[in-house]
Amino acid sequence: MAKYNLKINGKSHQVDVDDDTPLLWVLRDHLGLVGTKYSCGIAQCGTCMVHVNDEAVKSCVFPVSAIGEDKITTIEGLSADGDHPVQKAWEEIDVAQCGYCQAGQIMTAAALLKKSPNPSEEDVVEAMNGNICRCGTYHRIKEAVMLASKTK
Amino acid sequence: MTTQLKTNRRDFLKIAATASGGLLLGFHFTGCESSQMKVITDEELLSQAIPYNNFLSIAPDGHVVIFSPNPELGQNIKTSFPMIVAEELDADWSKVRVMQAFLDGEKYDRQVTGGSGAMPHSWERLRKAGATARRMLMEAAAKRLDVGINSLSTSNGEVIHKESGKKLAYGELANEAASIPVPEDVALKNTKDFKIIGTPVKNVDNKAMFTGKPLFGLDIYREGMRHAMVQRPPFGMKLKSVDDQEAKAVAGITDVVTFNDNVAVVGNSTWQVMKAKRKLKIEYEPINGELESTEFHNKKFDELLNGSDAKVMREDGNVQTAFRNAAKVIKSEYQCPFLSHSPMEPMNFFAHVRADGVELVGPTQTPDRAKAAAAEIAGVAPELVTVEMTRLGGGFGRRLRADFVEEAVHVSKLVNAPVKLIWSREDDNTGGAYRPAVKYRFEAALDANNTLIGYKLKGVGMNAGNTTRENNFPSGSVENLLIESIDYKSDITTNAWRAPITNFLAFAEQSFIDEVAEAAGKDPVQFRLELLDRAKSNPVGSIHYDVDRMRIVVEMAAEKSGWGKKDGVAQGFSVYFSHRSYVAQVAQVRMHQGNPVLEKIYAVTDCGIVVNPTGADQQVRGGMVDGMGHAMFTNMTFKQGMAEQKNFDSYRLIRMREVPEIETHFVDNGIDPTGLGEPALPPTGGAISNAIYWATGKRLRNQPFIEQEELKEFKLGQRA
């Protein structure tokens, strides 16, 4: 166990956890930020996606000891009131079925648009292909990312 | 009673009591309110709202609370059920607040998500719930305005007296209308007058889902709660010994307990429990005999298909004579593997066994089953068990079982603490309750005129129950027909998996029908229509599907897809009736640089009245993506009683790049709505395999396609 000072969603948090604890479980079990979801635990599905210094990172394999000074953003901190262009596009296109993977999908999409504000359809497929949606909402995810890229 | 339970240091779950004492997970922004309205929490709203019946309450401020009784797992019932109530109430949808009801056997029946059955079961009762309250509001308005009830109408949350131009909002009438005797018989709307039903209404949980609010079972955290995970034995084995010394030494671990043949690790955080579980040293021993493997299953399939122990499910005419007199006989075998359901949210449940009862919270498709199991294990009366349903992060049939609830109850009882039990992805893939592996043998007899005179189907399943749907198409259209089924009692546990049996049977049957059509020298669509003609004009035996409805989707799919009219692409046809709905699909495959590329699939669905077009489109697309992904890519093999594909690195689920364009159409026939969570899945595999056949000459009879010898020379699944 060791103490870590983490910068998450613009605030400073102190946690006392095992060095190898993945960021995912620090968020969920220790900080009550449950919007970041667990699904595979081996960085295969993207359900646990967060931003580390604006880059999309799978938090299920990212140990707390590797965070250092990095700035973490989770779905809860993506916008003040759910009004990030990607979140708005998700609502507009009515993307979700079960909804469990969608926070991870939104985080991946938001990181893509930060880096590449006007992506081609192929860029979107390339970026989103790491996120599994078992309900099969892929058409709407793609449509929503394209919409978000046009409406921000 | 209002309680606020601490979930942890930073986050709170608001828990509010309903009139019946049931609990609700509350979020102040759930529902569909306009931004002008004052935001009010669920618990505040419930303290003001006046119950009209089990489905709806109205608050003096104009809010209408609609309870959705069935578990929501992505089928969108939490939006579409309230739409039906709101429609007959003539509510203002922007003032509707939807809340998930608890399990309550006195208020609701069939609080189950399965079999695509909720909509047909509830259609009328939901309409009546809305219509009854509307009538009461009108009667109250008539009294207050001192006018005849026939001079009143309703619209958008108001009772209107046209003559005087007076309008009374439902909120203003909420108190007095509630004391009016509940009318027995109320007229329902003419479907032509629907204003909410048939319009696209967005998912009521969108905002909560897209901002990361706690909604799902895994998001439940309670004061003093422990985390638990279970190591289960391989199939066909039992526990011999446990060395838990190293596991117990992991920081944060409070208990290691065993029950049945399971070993549970309990501790203060999920990660510590995950680590400790890996340090368990467990010995298992076979219960009896050989441990099952894929080779073992394959051997059993052939042994049983060639044996004579099948159960006759349906027999028309005399197949022996028909096959003896046949000019041509076509015979094929089709096989599929076991599959995990793999919802994105792994199995989990919260249980707190106390002296005075059991509290259960979590994702389940069958809360009543959870309740019964908990009562038995905890040794308390069922009425002392409460079940709160969270949103489900997918189900696909897996959460029809209560095994994970039982485990949570066992562990809570053993460690005497509230427990959230979770399965890792590996637990989920190896823990069983799979779609059963099945093998079919089809035989068809054609006479000299290429008429189908004989049809045989024999299915063998691994714990599959009846592997056939003996009264489904083409039964009724063939003079001589024999449908047989064999169930092998495998060690591998199985369970309903979205569109049980038909998720593979439809693929096999619709592929085989194409084989027969080709042998008869007939166009696949024409051949199916001829069979339907026969079923209509001169049916053989009993017919359990609506021939006209099936014909319409076949014809409409041919028309929408430009069947037979497109150059440069191969088209594959498939049609299937399941869960009371009819779906025809046409897959379009183009050869690109020598490889078959799945470009597009057209789907025509007859599910009766489409309640919510945006949700319906989702269900059809989702079912199709599910059907194509598992047909093309997903395999599960066994060795020594264990699944070999333990996580998404080897258990391949379909991804965005592999999904073709999909075009959905619905038949507009005004018939009462039928199921939609499942029916679009069964036809998809067959449409794709038929299109691949016409594109490449390779007939795919086994799933997943990508691992078949026939496709070895091709690359499948990448878009051009």
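Two residues are in contact if their C-beta atoms, placed from the backbone, lie within 7 Å. This is a predicted model, in which local features need pLDDT of at least 70 and side-chain atom pairs count only at pLDDT 80 or more, while totals for chains, interfaces and linings use all residues. Residues are numbered from 1 along each chain as its sequence is written, and chains are lettered from A, with ligands numbered from 1, in the order in which they are written. Between the two chains, 47 residues of chain A are in contact with 53 residues of chain B.

**Chain A: fold and dimensions**

- Chain A contains five helices and five strands, where helices (H or I, at least four residues) and strands (E, at least two) are DSSP runs numbered from the N terminus.
- The order of these elements along the sequence of chain A is β-β-α-β-β-β-α-α-α-α.
- The radius of gyration of chain A is 15 Å, which agrees with the value near 15 Å for a compact globule of 152 residues; the radius is taken over C-alpha atoms, and the globule rule is 2.2 Å times the number of residues to the power 0.38.
- The C-alpha trace of chain A spans about 45 × 30 × 25 Å along its principal axes.
- Of the 152 residues in chain A, 59% are buried; a residue is buried if 20 or more other C-beta atoms lie within 10 Å of its own, exposed if 12 or fewer, and partly exposed in between, with C-beta atoms placed from the backbone.

**Chain A: domains**

- Chain A is divided into domain 1 (2-77) and domain 2 (85-151), with bounds that come from an automatic or database domain assignment.
- The centres of domain 1 and domain 2 of chain A, taken over C-alpha atoms, are separated by 21 Å.
- The contact between them involves 14 residues of domain 1 of chain A and twelve residues of domain 2 of chain A.
- On the domain 1 side of this contact, strand 3 (49-52) and strand 4 (55-58) of chain A are the elements that give two or more residues, and strand 3 of chain A gives the most, with three residues.

- On the side of chain A that touches chain B, at least two residues each come from helix 1 (23-31), helix 2 (85-93), helix 3 (102-115), helix 4 (121-128) and helix 5 (138-151) of chain A.
- Helix 5 of chain A gives the most to this side, with four residues.
- By class, this side of chain A has 23 nonpolar, 17 polar and seven charged residues; Ala, Val, Leu, Ile, Met, Phe, Trp, Tyr, Cys and Pro count as nonpolar, Asp, Glu, Lys and Arg as charged, and the others, Gly among them, as polar.

**Chain B: domains**

- The domain assignment of chain B gives domain 1 (49-210), domain 2 (217-287 + 347-422) and domain 3 (499-711).
- The centres of domain 1 and domain 3 of chain B, taken over C-alpha atoms, are 37 Å apart, and the contact takes 18 residues from domain 1 of chain B and 20 residues from domain 3 of chain B.
- Helix 2 (77-89) and helix 3 of chain B each supply at least two residues of the domain 1 side of this contact, with helix 2 of chain B giving the most, four residues.
- The residues on that side of domain 1 of chain B divide into eight nonpolar, nine polar and one charged.

- Contacts of B:Leu360 beyond four places in sequence include B:Phe349, B:Ala370, B:Ala374 and B:Val405.
- Buried residues in helix 10 of chain B include B:Ala370, B:Ala374 and B:Ile377.
- The buried residues of helix 10 of chain B pack against strand 18 (348-354), strand 19 (357-362), strand 20 (385-389) and helix 11 (403-415) of chain B.
- Just after helix 10 of chain B, B:Gly379 takes a positive phi of about 70°.

**Individual residues of chain B**

- B:Phe666 lies in strand 30 (residues 661-666) of chain B and counts as buried because it has 20 C-beta neighbours inside 10 Å.
- B:Met237 lies in strand 12 (residues 237-243) of chain B and is partly exposed, with 19 other C-beta atoms within 10 Å.
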